[in-house]
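I opened the file to look up the sheet, its strands and a few side chains. My entries follow in the order I made them.

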Amino acid sequence: MENDPSILIASLDRDEAALLTDIIVSAGYRSRTCHTLADMMKILADSSYMAVVLDIDSLDIGNRAIRSLTLAYPDVCFLCTSRDRFHPELKEALCYHIFACINKPVDPDELVYWIRCIRENQADTRDPPDKDQGGK
């Protein structure tokens with residue numbers, strides 16, 4: 001299933017979600033916001049997304065939940081936003097399951113950069129194998 005170039009924002013902070021939405025939409029992508037982890041799970045089960053932006057300051061989410069999300073939705077890239085630079089309690093998730101963690105206040109250029117990286121990475125993985133590699 002090819003992912004729609006839409007980004008899901010999961011945050012309890014409605015002002016932060018509105019700011020992220022403005023940045024994403026101004027960059028030419030579609031976005032949708034949810035305010036609970038349960039809503040996020042339902043939305044991901046019903047629709048495809050290129051990426052999810054998790055506000056780890058406002059959502060109560062741990063390593064196990066993030067790992068489960070990335071295993072359940074391997075084609076979706078997960079980004080995090082946080083005011084804190086370090087999250088020792090999320091060490092495993094940040095090392096192995098999160099595409100990038102962006103400090104707040106979110107720099108619009110940084111967020112758009114990461115979204116473009118995700119888009120390019122997903123486009124590269126969908127390209128057919130190069131004819132000149134390993135074949136005649």
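In which sense do β3 and strand β4 pair, and over how many bridges? I find the parallel sense, over five bridges. The model is predicted, so I kept its limits in view: local features need pLDDT of at least 70, side-chain atom pairs count only at pLDDT 80 or more, and totals for chains, interfaces and linings use all residues. Residues are numbered from 1 along each chain as its sequence is written, and side-chain values use heavy atoms, with hydrogens and water left out.

**Entry: sheet.** I looked up the strand order and got β2-β1-β3-β4-β5, five strands in an open sheet with parallel pairing. Strands pair here if DSSP finds at least two bridges between them; helices (H or I, at least four residues) and strands (E, at least two) are DSSP runs, numbered from the N terminus. At the edges I noted β2 (30-34) and β5 (100-103), each of which pairs on one side only. The twist averages 20° from one strand to the next; axes are lines fitted to C-alpha atoms, for helices over the stretch in contact, and angles run from 0 to 180 degrees between N-to-C directions.

**Entry: β3.** Strand β3 covers residues 51-55, and I find five of its five residues buried (under 20% relative accessible area; exposed is over 50%, partly exposed in between; 1.4 Å probe, protein chains only). Ala51, Val53 and Asp55 point one way, Val52 and Leu54 the other. Strand β1 (residues 6-10) runs parallel to β3 and is joined to it by four bridges. I checked Val53 on both strands: Ile9 stands opposite Val53, and in β4 the bridge partner of Val53 is Leu79. From β3 the chain crosses through helix α3 (residues 63-72) to β4, a right-handed β-α-β crossover (with the strands pointing away from the viewer, the path from the first strand over the helix to the second runs clockwise).

**Entry: cysteines.** I searched the whole structure for disulfides (cysteine sulfur atoms within 2.5 Å) and found zero. For Cys80, the nearest cysteine sulfur is that of Cys101, 5.1 Å away. Cys101 in β5 is also the bridge partner of Cys80. Cys80 has 0% relative accessibility and therefore counts as buried.

**Entry: Asp84.** I placed Asp84 in the loop between β4 and α4 (91-96). Its relative accessible area is 42%, so Asp84 is partly exposed. Leaving aside neighbours within four places in sequence, Asp84 is in contact with Asp57 and Asn103 (heavy atoms within 4.5 Å). Lys104 is 20 residues from Asp84 in sequence and 8.0 Å away in space, C-alpha to C-alpha.
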